[in-house]
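Good morning, colleagues. Please have the view on your screens.

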Amino acid sequence: MTRIVYEFTESLRIAFAQIRANKLRSVLTALGVIIGIVAVTLMGTAINGIDIGFQNSLAMLGEDVLYVQKWPWHNVDDWWNYQNRPPFRVEMADALNRIIDTTPNSLLAVAVPVAGRGGSVKAGENSVSGVSIIGTTADYSRIVTAEVATGRLFNEIESTAGRPVCVLGSSVADSLFPGRPALDQTVQIRGQNLLVIGVLAKQGDFLGIQSFDNQMLLPLNALRKSFGSRIGIELRVKAKDKTKLAAATEELIGAMRRVRGQLPGERDNFSVNQQEVFKAQLDPIKSVIAIAGLFITGLALFVGAIGIMNITFVSVKERTKEIGTRKALGARRRTILLQFLIEAVSICLIGGAAGLAITYATCLAIQHAMPALPVEFSVALILISMVVSIATGIVSGFAPAWGASRLDPVVALRYE
Amino acid sequence: MISPVAPAVGSRVVRPPGELVIEIEGVTKLYKMGAEIIHALRGISLQIRRNEYLAVMGPSGSGKSTLMNMLGCLDTPTAGRYDFTGKNVAHMIDDELAEIRNREIGFVFQTFNLLPRSDALHNVELPLIYAGVPPHVRHERAMQALANVGLGDRVHHRPNELSGGQRQRVAIARALVNHPSILLADEPTGNLDSKTGVEIMALFEQLYEEGHTIIVVTHEEDIARHARRVVRLRDGLIESDGPVD
Ligand SMILES: Nc1ncnc2c1ncn2[C@@H]1O[C@H](COP(=O)(O)OP(=O)(O)O)[C@@H](O)[C@H]1O
Ligand SMILES: [Mg+2]
């Protein structure tokens, strides 16, 4: 058993002596592996980054929030059926909250009515369009993790009274009041003046998932003054424990049916949605990255493997007499096989390490240049590239190494 | 198995033959070169005992190297029987032969066959690596073997930093480091000038006197005269077999 260890270290030693003696040749051969590893690790980094960015965004939006709406978030055929569902009203949120309060061990925390509209906001000469204007109540602060940079959110009194106050997302505030504080300034939506009482902290945005930066919050009753009292609202309900979202959804459906006065056996006339669906939207992006990454990886590794196979054949040819000598001294077939396999694997591992270093440097550069983009370098990537490198080395080195191990010692010794 | 008494014949030491090491009977070897069949050995029988110093002579192409490779378990006979220290090796598989080559046989080649990128020490350690000897023991034994051939001060030289004679000494140290039953040398002086050749033959003489069993292949009478017994080959057959002089 110890013998194989000595043979192994001897093989390593030969492999590195060999690579050192043929530096240029080895580097050129390893190029394919380097490119392959860079491709596979960058791909992994990107997909990793998307997941992490997504988690961050979810946390921002509140991943434990259930959305009570007319339509489910997945595609529906019978659109009219959903369209004709009864609308939601603010009082339903109050009714839900009463049920939640009286249910022992309720999995739900609070229900908040929310109405949203895209629209433009003006301040003097400046105007921003495409802002999500969100009308809600003071409870809104309980369902999202919005941080206020300056000022405050509106309170319950302002909310109920529909006072003309608003809280701006950071990029809305920056656009309307470039270089000066937005606090205590006045903005207009549809001709209604609103006092800015707060500005939210900057959050950054991620692959089009909307963040608070492009939002404006105001009391629901104030929103109605601009957009009419028939504006559709939805209910957002925060669950207490995000790991029990399914049970919370069940409870919410039961409570909503009571609020809506639905009879047993009647189909729900509302839908309960959750953020999970957003995640599916990212899958195509991830798939494209994965397919492109795997394609480049596969191609590069294929080219690399052929190069390494070739160089190992050359190495066996060049050292035929040495193989004969080693066999004469007692090297067995597996010893010779191991020796050339290790040589091929070593070249691949060096290529893999170089590829990893390039990916690491790229990650650092991206983090430096675009801090918003979440690139994540992980231990898993190191393991993956090691495994890929070793596998490439074994696959490409096997045929020549096998041939070397089977050489007739007499023939090998006579080789010049 | 060093014999205590070394009776001298003339000025030369002749050690009494020990037990049988090599016994071949009716060994033939055919090589196929395309359609042509070459009879390298046509039926050879030979017995070699411990403590012998044998020269195998013959013109070029007479089958000396083929016989040597067979005796050294690098090759197996096409037909015939080969017992090495009582074990039938004629039909052994590759790895079993490798084991015997590693433990029982020391090879010395005409072209030295040292690893060019390794120093003398590592070259000599090689058979011990394949024998599974731990590193510190390996180091010690290789150092000792190099000292025995007079290269104690050259252990970290690479082959290209050594003269031809020194290279062959490294090869001899490598052949002996694993204490083989027999030392096989195929034209060991063929690549050396005559003065260095004489030095190498003196080393063989010393090794013989120290108790080694040696077979030397050569086509030079001068070299063969160093041995105690000469086997002459011609066209794959033994022409004569007897003591020197
Ligand atoms: N591997 C081989 N393949 C084909 N022919 C061989 C091989 N080895 C030796 N021979 C032939 O066998 C004969 C004996 O060769 P060899 O034993 O090398 O002779 P010597 O060592 O006495 O010069 C020669 O004719 C040689 O060409
Ligand atoms: Mg020969």
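In this predicted model, strand β3(B) and strand β6 of chain B, the latter covering residues 79-84, pair in the antiparallel sense, and 5 bridges connect them. Two of the facing residues may be named here. B:Ile22 stands opposite B:Phe84 in β6(B), and B:Glu23 stands opposite B:Asp83 in β6(B).

What does β3 of chain B join through 11 bridges? That partner is strand β4 of chain B: β3 spans residues 20-33, β4 spans residues 36-49, and the two run antiparallel. Within this pairing, B:Lys32 has B:Ile37 of β4(B) as its bridge partner. The two strands form a hairpin, with 2 residues between them. In the turn, B:Gly34 has a positive phi of about 65°.

These strands belong to an open sheet of 4 strands in chain B, with the order β4-β3-β6-β7 and antiparallel pairing. The edges of this sheet are β4 and β7 (87-88) of chain B, each of which pairs on one side only.

I turn now to another sheet of chain B. Here 6 strands form an open sheet, and their order is β8-β9-β10-β5-β11-β12. The pairing in this sheet is mixed. Its edge strands are β8 (105-108) and β12 (237-243) of chain B, each pairing on one side only. On average, neighbouring strands of the sheet are turned by 15° against each other, with direction ignored.

Strand β5 (residues 53-57) and strand β10 (residues 214-217) of chain B run parallel and are joined by 4 bridges. In that pairing, B:Ile215 of β10(B) is the bridge partner of B:Leu54. Helix α5 of chain B, residues 164-176, packs on the sheet and touches β8 and β9 (182-186) of chain B. The direction of helix α5 makes about 170° with that of β8(B).

Next comes the contact between the chains. How many residues does each chain contribute? Chain B gives 28 residues and chain A gives 25 residues. In general, the size of an interface is often given as the accessible area lost when the parts come together. For chain B and chain A, the buried area is about 2,500 Å², and carbon and sulfur atoms give 57% of that.

As for polar interactions, 11 residue pairs are in polar contact between chain B and chain A, both residues being at pLDDT 80 or more. The count of salt bridges between the two chains is 4. One of them is formed by the side chains of A:Arg3 and B:Glu99, at 3.5 Å from N to O. On the side of chain B that touches chain A, α2 (94-104), α3 (120-131) and α4 (135-148) of chain B each supply at least two residues. The largest share of that side comes from α2(B), with 7 residues.

Finally, I come to chain A. Its domain assignment gives domain 1, made up of 2-57 + 280-413, and domain 2, covering 65-274. Taken over C-alpha atoms, the centres of these two domains of chain A are separated by 53 Å.

Note on methods:
Residues numbered from 1 in each chain as written. Chains lettered and ligands numbered in written order. Predicted model: local features only at pLDDT ≥ 70, side-chain atom pairs only at ≥ 80, totals over all residues. Heavy atoms only, no water. Pairing = 2+ DSSP bridges. Axes fitted to C-alpha atoms, helices over the stretch in contact; angles between N-to-C directions. Contact = heavy atoms within 4.5 Å. Domains from an automatic or database assignment. Buried area = accessible area lost by both parts, 1.4 Å probe. Polar contact = N/O pair within 3.5 Å; in protein donor to acceptor, adjacent residues only side chain to side chain.
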